[in-house]
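Welcome! Please take a moment to look over the sequence and the structure below, and then we can walk through a few of its parts together.

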Amino acid sequence: MATRGSITVKHTDGKYHSVYTHWDSYLSHNGVILEEHYNSQELAEKLVAGGSISSLGKSCDLEDGHTFETPIKGLTVYYGRDRGEDGQEPVICNTLQECLDINSNDHDYLYDGQWLYSTGGSEFKPVLSDDN
């Protein structure tokens, strides 16, 4: 069963870029990967630039032979790049709430200088918080 989520990054221009994630969006999986492998503005922006995600991996780079049907372990699987689906680009919003209204799920992540996490609401806490 899918554990749907969203990943949103606040860009330096103040706009928010948000993508859907299909698998393993719970804190102990996607939260850990985001903290350990996408823990800078540059890496977070690069991740969401690829569009909607089937499964999050430790790298979002493309390697030869990696596809939706034949994924390489540890690589992010994108719906557009790896499956060839149209309309999978990031949603770009002026406010976080606008992105949440479009792309909110049970597990939402936000990069705004650090990774934050929310369980389907607007109250975000640091991913590494003891409250999560």
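Which residues point one way from E6, and which point the other way? His 107, Tyr 109 and Tyr 111 point one way, while Asp 108 and Leu 110 point the other way, and all are buried. Please keep in mind that this is a predicted model.

**Strand E6 and its partners**

- Strand E6 covers residues 107-111, and because five of its five residues are buried, the strand is largely enclosed by the rest of the structure.
- On one side, E6 pairs with E1 in the parallel sense, over five bridges. Within this pairing, Thr 8 has Leu 110 of E6 as its bridge partner.
- E6 also pairs with strand E7 (residues 115-118), here in the antiparallel sense and over four bridges. Asp 108 is bridged to Ser 118 in E7.
- Three residues lie between E6 and E7, and the two strands form a hairpin. In its turn you will find Gly 113, with a positive phi of about 85°.

**Helix H4**

- Helix H4 spans residues 96-103, and its buried residues are Leu 96, Cys 99, Leu 100 and Asn 103. Seen down the axis of H4, these buried residues fall within an arc of 100°, so they line one face of the helix.
- What do the buried residues of H4 pack against? Their packing partners are E1, E2, strand E5 (91-93) and E6.
- Turned away from the buried side, the other face of H4 carries Asp 101 and Ile 102, which are exposed.

**Two threonines to look up**

- Thr 12 sits in the loop that runs between strand E1 (5-10) and strand E2 (16-21). Is Thr 12 buried or exposed? Its relative accessibility is 75%, so Thr 12 counts as exposed, the cut-off being over 50%.
- Beyond residues up to four places away in sequence, Thr 12 touches Gln 41 and Glu 45. Thr 12 and Glu 45 are 33 residues apart along the chain, and their C-alpha atoms are separated by 9.9 Å.
- Thr 21 belongs to strand E2. With a relative accessibility of 1%, Thr 21 counts as buried, because the cut-off is under 20%.
- The side chains of Thr 21 and Ser 25 are joined by a polar contact of 2.7 Å.
- Setting aside neighbours within four places in sequence, the contacts of Thr 21 are Thr 3, Arg 4, Gly 5, Ser 6, Ile 7, Asn 30 and Ile 53.

Note on methods: Residues are numbered from 1 along each chain as its sequence is written. This is a predicted model: local features need pLDDT of at least 70, side-chain atom pairs count only at pLDDT 80 or more; totals for chains, interfaces and linings use all residues. Side-chain values use heavy atoms; hydrogens and water are left out. Buried means under 20% relative accessible area, exposed over 50%, partly exposed in between (1.4 Å probe, protein chains only). Contact means heavy atoms within 4.5 Å. Two strands pair if DSSP finds at least two bridges between them. The arc is that of the directions from the helix axis to the C-beta atoms. A polar contact is a pair of N or O atoms within 3.5 Å; within protein, one must be able to donate a hydrogen and the other to accept it, and residues adjacent in sequence count only if both atoms are side-chain atoms.
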